[in-house]
Amino acid sequence: MAIAPDKTVLVVGGGISGITAALETAEAGTKAVIVERNPYLGGRVAQLYRYFPKLCPPYCGLELNFRRIKENPAISFYTLAEVEDISGSAGAFKARVKQKARYVNEKCTACGACVDACPVERPNEFNFGMDTTKAIYLPHDLSFPMRYVIDASVCKGKECGKCVEACKYGAIDLEMKDRTFEVEAGAVVYATGWNPYDATKMENLSFGNVKNVITNMMMERLSAPNGPTQGKILRPSDGKEVQNIAFVQCAGSRDENHLNYCSAICCMASMKQASYIREKHPDSKVTIFYIDLRAPGKYEDFYRKIESDENITFVKGKVAKIEEDSGSGDVVVTVEDVANIKKIQEKFDMVVLAAGMEPQAKTVSLPGGVKTEDNGFILSDALPSGVFATGVATRPLDVNTSNQDATSKAIKCLQILVGGK
Ligand SMILES: Cc1cc2nc3c(=O)[nH]c(=O)nc-3n(C[C@H](O)[C@H](O)[C@H](O)COP(=O)(O)OP(=O)(O)OC[C@H]3O[C@@H](n4cnc5c(N)ncnc54)[C@H](O)[C@@H]3O)c2cc1C
Ligand code: SF4
Ligand code: SF4
């Protein structure tokens with residue numbers, strides 16, 4: 001049975017899972033509308049330096065997807081947008097979407113002249129505050145759409161207007177307003193993903209108190225050529241090149257007081273990040289403190305490869321305490337070494353906490369009858385007919401499995417649109 005050309009799938013969240021769900025439905029003949037909260041598409045994957053296990057740059061795959069979106073008139077997307085309300089039922093939903101003003105229109109050529117003119121600096125959230133941007137900024141080098149945006153919370157507005165004067169293309173409109181509009185759709189897919197678990201909640205691990213303790217997502221940005229240090233792994237306190245680094249596994253995950261589940265990817269992510277530093281500095285040393293290592297299925301080969309590097313040491317033990325060595329800025333880690341039944345203390349240039357993934361739906365309530373487990377993952381089985389959830393919004397997943405899951409949810413959407421089921 002053919003799909004009527006006006007049938008639409010609404011996808012909430014434009015990370016890899018949402019993009020995949022939109023592409024798979026649109027390429028099968030529907031329309032797809034992506035509603036994304038950030039000023040760019042790509043979600044967390046846009047912040048990663050490399051993918052495990054192949055260590056290829058995630059942006060290759062993302063760019064292919066962005067090209068498929070650009071070339072397909074059946075897909076539209078809204079950035080800086082969120083769904084406020086969803087009414088109706090399978091086959092005939094109505095969603096109210098609120099889109100925040102970007103203050104920069106489609107005439108923007110990304111020339112950057114406005115940045116030199118803008119007097120206001122703000123922390124760069126894309127790089128987890130490790131550098132700054134101006135109030136008018138490009139979200140990141142490879143941003144899609146490649147268009148600047150103004151952070152209204154810090155911009156001085158019309159009294160300043162220096163960016164408007166600097167822009168030769170008439171691309172900046174400081175009077176732009178937020179807008180609300182309606183999207184009609186036959187099916188809805190939630191792909192709202194995750195946030196890094198707030199590492200300051202684990203007091204003994206000293207994130208926020210000891211400067212050279214960072215999180216795994218910060219490590220992705222520190223390693224990336226378009227990151228705050230242009231890919232040099234330098235420690236935050238004094239910019240020293242990091243030669244001796246420790247990773248603390250299960251930082252928050254598998255702990256009833258924090259995240260009561262295994263975040264599934266952190267062991268692989270730390271092993272991947274060990275390879276970043278080993279590749280950049282041949283004499284560097286890496287220690288990975290773990291409780292249980294998880295490298296399921298085909299990932300076992302990657303684990304074997306990393307384990308065979310004699311400069312990478314795995315220590316089975318729970319990290320009890322992290323402190324600063326006053327004067328040197330080094331980080332002192334105290335661990336219960338399980339294999340040798342003793343307490344050890346070691347000093348490192350920098351420590352990376354393998355912080356877990358916490359579902360975005362834990363912190364916001366989503367419209368359209370969405371229910372979550374106590375830990376915030378969307379309960380797929382309790383969703384109304386015609387509403388689906390995919391990717392890390394439903395459980396901790398890697399990118400490959402997120403894509404498979406999103407494709408399966410695209411098929412569910414097609415069943416609704418074709419058969420009205
Ligand atoms: C340190 C680290 C390293 C990793 N490295 C790898 C790796 O090498 N290989 C691998 O396979 N996996 C890796 N992962 C896992 C990978 O990041 C996830 O599998 C992937 O991000 C899942 O994509 P997603 O689209 O489900 O979620 P996300 O990437 O979180 O995307 C969700 C999107 O939805 C948007 N959104 C959220 N709420 C709303 C809302 N209410 N309205 C509109 N939009 C909304 C968000 O802004 C975001 O753009 C890593 C994870 C970590 C923590
Ligand atoms: S807003 Fe104007 S000045 Fe700024 S990058 Fe875009 S085109 Fe250039
Ligand atoms: S109007 Fe806002 S964005 Fe433009 S230059 Fe002034 S502070 Fe910067």
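How many of the eight residues of strand 14 (residues 244-251) are buried? In this predicted model, local features require pLDDT of at least 70 and side-chain atom pairs count only at pLDDT 80 or more, whereas totals for chains, interfaces and linings use all residues. Residues are numbered from 1 along each chain as its sequence is written, and chains are lettered from A and ligands numbered from 1 in the order in which they are written.

Seven of the eight residues of strand 14 are buried, and the strand is thus mostly covered; a residue counts as buried if 20 or more other C-beta atoms, placed from the backbone, lie within 10 Å of its own. Strands are DSSP runs of E with at least two residues and helices are runs of H or I with at least four, numbered from the N terminus. Strand 14 runs parallel to strand 15 (residues 285-290), to which five bridges join it; strands pair if DSSP finds at least two bridges between them. Within this pairing, Phe247 has Ile288 as its bridge partner. Five bridges also join strand 14 to strand 19 (residues 350-355), again in parallel, and here Ala251 is partnered by Ala355. Together with helix 6 (residues 266-280), strands 14 and 15 form a right-handed β-α-β unit: with the strands pointing away from the viewer, the path from the first strand over the helix to the second runs clockwise.

The chain comprises domain 1 (8-100 + 178-195 + 358-419), domain 2 (113-166) and domain 3 (198-355), with bounds from an automatic or database domain assignment. The centres of domains 1 and 2, taken over C-alpha atoms, are 27 Å apart. Nine residues of domain 1 and eight residues of domain 2 take part in their contact, defined by C-beta atoms, placed from the backbone, within 7 Å.

Notes. Contact = placed C-beta atoms within 7 Å. Buried ≥ 20, exposed ≤ 12 C-beta atoms within 10 Å, placed from the backbone.
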